[in-house]
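I opened my notebook to go through this model piece by piece.

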Amino acid sequence: MVHPVIKLVAQRIALGLLLLLAASVLIFVGTQILPGDVAQSILGQSATPETLANLRQELGLNEPALTRYFSWLGGVLHGDLGNALTNGQPIAPALGKRLLNTLFLAACAAVIAVPLAIILGLVSVRYRNRWPDKLISAVTLATISVPEFLLGYIVIFFLAVQYRLLPSLSTVYDGMGFGDRLYAIGLPVIVLVLAVLGHMMRMTRAAILNVMQSAYIETAELKGLRPFAIIARHALPNAVAPVVNVVMINLAYLVVGVVVVEVVFVYPGMGQYLVDHVSKRDVPVVQACGLVFAGVYIGLNLIADLVSILANPRLRHPK
Amino acid sequence: MPETLLDVRGLVIEATSYPPGEPPKDVTLVHGVSFTLEKGKVLGLIGESGAGKSTIGLSSMAYGRGGVRITGGEVWLNGRDILKGGAGGLRALRGKEVTYVAQSAAAAFNPAKPLMEQVIETTLARGMMGRAEAEARAVDLFRQLGLPNPETIGKRFPHQVSGGQLQRVMTAMALCPKPDLVIFDEPTTALDVTTQIDVLAAIKRAIHETGVGALYITHDLAVVAQVSDHIMVLRHGKTVEYGTCQQIIEAPQEDYTRALVSVRSIDHAEKNPDVAPVLSVQNVTARYKGTHFDVLKNVTVDLPPGQTLAIVGESGSGKSTLARVITGLLPAAQGRITFDGRDLSPDLSGRSRNDLRELQMIYQMADVAMNPRQTVETIIGRPLEFYFGLRGAEKRKRVQELLDQIEMGKGFADRYPAELSGGQKQRVCIARALAAKPKLIICDEVTSALDPLVADGILKLLLELQAQEGVAYLFITHDLATVRAIADRIAVMFKGKVQRYGPKSDVLAPPFDDYTDLLLSSVPEMKLGWLEQVLDHRKMEGAGN
């Protein structure tokens with residue numbers, strides 16, 4: 001007899017892979033129906049019909065869509081994302097470097113934002129409807145309401161221009177030390193933390209408040225436990241599933257939603273890379289970026305599902 | 001001289017209520033109640049829902065559920081007025097000097113933590129013992145309370161043990177920090193009778209052996225008579241009668257107490273069984289989709305028109321499943337159901353509108369069986385419209401007739417369910433079933449959620465309606481007193497099978513099979529020493545075998 005958790009986990013992983021395949025189809029179809037012509041945009045206005053036809057032939061644009069999809073997918077499965085149309089270079093190494101930069105930025109923001117959000121959520125519940133709760137709610141609501149580019153310029157104005165604490169341009173290069181890198185990305189990290197903090201904190205608060213209605217919380221109160229011990233030890237373990245879900249969605253946002261922030265701070269991450277190549281109609285690069293983003297989204301949500309399953313004592317310890 | 005443990009003087013408790021469509025107002029739940037409890041004694045608090053018994057019990061921990069506030073009086077515990085202790089003083093007291101056993105242990109245990117961790121939590125948190133010592137004490141208590149595998153049961157999670165076991169673990173949790181006072185708040189109400197008797201005996205033994213004082217809260221006078229030294233009868237937040245257990249049970253002074261003592265008094269003469277049945281269930285076997293386990297095994301019962309068949313059993317016996325099979329919600333895997341001489345399609349979708357009309361249902365929870373946004377008139381009027389096409393004045397007239405039949409008179413037609421009491425809600429559900437002019441009504445635990453006196457009223461009404469309309473009842477219940485009151489024939493169910501079946505006079509007369517004997521002898525009786533008698537009797541029988 002297979003443990004039910006193993007069965008559920010295997011199901012979720014299989015579903016995740018299926019979803020990724022479906023995403024690859026959508027990305028491919030999506031890029032096919034985009035208006036415009038790569039050959040046209042490479043050659044510019046001076047192109048003759050003949051040179052256009054030759055270039056299309058060379059780039060394989062005349063093959064049927066289905067053939068192109070499978071040859072693309074086959075390449076992807078072997079780690080080959082194809083060559084960029086604009087400069088003919090392989091995409092994988094260039095994209096890999098950018099992806100690492102983005103992941104580094106996202107990880108730094110997450111390491112600060114996730115524990116902070118959960119702690120603020122716990123504090124809000126402890127002092128619910130009193131001033132600490134209202135202050136935390138007001139501040140986090142304000143920071144999610146301000147558009148990120150504006151937040152970016154606000155922190156640049158204060159922290160880079162007025163007080164000169166952190167650089168306004170997040171320039172990173174190969175061989176840069178870890179400390180220097182952290183210093184360079186200080187401002188975008190602050191902006192990202194402010195952008196995702198509110199959702200996670202509010203979800204933590206709501207999920208725990210929901211659990212606080214349970215009879216076993218009354219049991220804990222009648223045991224004479226301290227209010228914070230009740231929240232952290234008795235309520236939080238039962239609120240893991242909804243909290244993890246919203247944390248993962250925000251982590252995914254940190255990776256795929258940072259385009260604007262990267263542009264504001266001129267940070268060489270995935271976002272800038274994608275924007276550059278969309279404007280050049282470089283379809284293989286756009287497809288590769290789309291696939292990586294989809295993978296990140298699906299992967300993180302898969303982790304959220306798995307944590308939710310593992311957090312359920314009924315599934316972990318069957319009768 | 002006996003030492004006073006708890007001394008409650010002139011307790012007044014208030015709450016803010018929010019009636020629909022009106023401004024919030026303060027209501028008084030407890031009006032100046034006083035009592036004392038000596039060390040090692042048990043005081044039973046008894047009353048119907050809303051009597052304030054749980055509220056008073058929790059006040060001895062200075063705790064108010066929801067918006068409940070203690071606004072007057074004094075609560076002296078071990079010589080201190082705990083209402084003047086402040087939050088820190090209360091925390092020190094709760095879980096150490098006073099502990100609490102809740103009605104539903106299944107909800108009162110944290111599902112995410114193993115039992116042992118919860119049982120010894122306060123003992124550890126207050127530094128009363130080291131972990132090893134506390135665990136050893138917990139295991140001792142588990143053994144004392146008769147739990148299986150006392151050494152290892154603490155490693156299990158709440159969902160891994162049965163309801164009766166969980167209630168005992170909760171008692172162990174309450175006793176672990178060696179408190180002076182334990183509040184038992186309906187600890188056996190949610191259990192089956194055969195489980196209740198064991199838990200009750202275990203609790204009584206534990207109280208006796210640890211010498212702890214206790215408040216025992218329940219609505220069941222027969223239960224409280226087994227464990228208490230004194231009893232306080234409460235109604236609408238006031239003391240009705242307060243005396244020794246013996247005096248309350250054997251010589252009650254007040255009318256209300258007398259009504260409670262004699263509440264199970266409906267007498268119903270059994271009707272002639274030799275009539276062609278209106279409902280006939282033949283060799284029915286059923287299982288839930290995707291499973292291979294038969295929840296009903298070869299069930300055969302008959303119900304003559306205008307009579308009552310009681311299906312008795314404990315949780316998991318398959319009695320509600322039988323109702324689902326008869327109504328077609330769960331098509332039978334095998335067997336056949338005939339109704340009024342014709343075969344009923346096993347599946348709901350294969351039944352005609354007339355089949356549906358003639359077979360109505362009333363449920364346990366009247367609250368959730370009605371749309372809270374519809375008035376009583378809409379609720380009762382719907383079947384009139386659906387089955388008989390009644391409209392307008394005609395429909396209104398018929399609704400009023402039905403309301404008169406359920407003794408609810410004028411002024412109720414425009415009310416919403418939230419504006420009715422529990423008993424009134426159940427009456428409206430009865431009227432709705434009756435509106436279809438059915439030949440058979442399936443009553444699924446219709447009185448289980450009601451207070452005994454209210455339940456009595458509902459049973460009397462059902463019997464009157466049966467006499468007037470000639471409707472047959474399939475009455476599903478776990479309560480044998482109800483069965484005695486209303487049934488013409490009885491089917492005792494156990495693990496999906498009909499264990500014993502026949503006219504009431506035969507089923508309830510010896511010789512019994514083992515299960516029926518266990519079931520019947522487990523129903524608490526309103527007399528002192530009943531619990532010991534039954535247990536001694538069982539011990540002797542066990543030794544004899």
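Predicted model: local features only at pLDDT ≥ 70, side-chain atom pairs only at ≥ 80, totals over all residues.

**Entry 1: B:Lys178.** B:Lys178 is exposed, with a relative accessible area of 52%. The cut-off for exposed is over 50%. I then checked the backbone. Phi of B:Lys178 is near 50°, a positive value, and the residue is not a glycine. Most residues other than glycine have a negative phi. I placed B:Lys178 in the loop between α7 (163–175) and β7 (181–185) of chain B.

**Entry 2: B:Glu407.** I noted a positive phi here too, about 60°, and B:Glu407 is not a glycine either. B:Glu407 sits in the loop between α15 and α16 (422–435) of chain B. Is B:Glu407 buried or partly exposed? I found it partly exposed, with a relative accessible area of 49%.

**Entry 3: a proline pair.** I looked at the peptide bond that joins B:Pro510 and B:Pro511. It is cis, with omega about 0°. Most peptide bonds are trans. B:Pro511 belongs to the loop between α19 (504–507) and α20 (514–521) of chain B.

**Entry 4: two helices of chain B.** Next I took α14 (residues 376–388) and α15 (residues 392–405) of chain B. At what angle do α14(B) and α15(B) pack? I read about 110°, with the axes 9 Å apart. Angles from 65 to 115 degrees count as roughly perpendicular, so α14(B) and α15(B) are roughly perpendicular to each other. Their crossing is right-handed. From α14(B), I listed B:Val376, B:Glu377, B:Ile380, B:Gly381, B:Leu384 and B:Glu385 in the contact. From α15(B), the contact takes B:Lys395, B:Arg396, B:Arg398, B:Val399, B:Leu402 and B:Leu403. I sorted the residues of this contact by type: six nonpolar, five charged and one polar.

**Entry 5: the cores.** I turned to the largest nonpolar core and found 89 residues in it. Those with the most contacts inside it are B:Leu6, B:Phe35, B:Phe142, B:Leu181, B:Tyr216 and B:Ile231. Helix α8 (residues 193–210) of chain B gives the largest share of this core, eight residues. I followed up B:Phe35, leaving aside its neighbours within four places in sequence. B:Phe35 is in contact with B:Leu6, B:Asp7, B:Val8, B:Leu43, B:Ile56, B:Leu215, B:Met232 and B:Tyr242. Another core lies apart from the largest one and has 83 residues. I wrote down A:Val172, A:Val211, A:Tyr273 and A:Ala294 as being among them.

Terms used: Residues numbered from 1 in each chain as written. Chains lettered and ligands numbered in written order. Heavy atoms only, no water. Axes fitted to C-alpha atoms, helices over the stretch in contact; angles between N-to-C directions. Helix = DSSP H or I, 4+ residues; strand = E, 2+ residues; numbered from the N terminus. Parallel < 35°, antiparallel > 145°, perpendicular 65-115°, else oblique. Left-handed = near helix turned anticlockwise from the far one by under 90°. Contact = heavy atoms within 4.5 Å. Nonpolar A, V, L, I, M, F, W, Y, C, P; charged D, E, K, R; others polar. Core = buried A, V, L, I, M, F, W, Y, C linked by side-chain atoms within 4.5 Å. Buried < 20%, exposed > 50% of the residue type's maximum accessible area, 1.4 Å probe, protein only.
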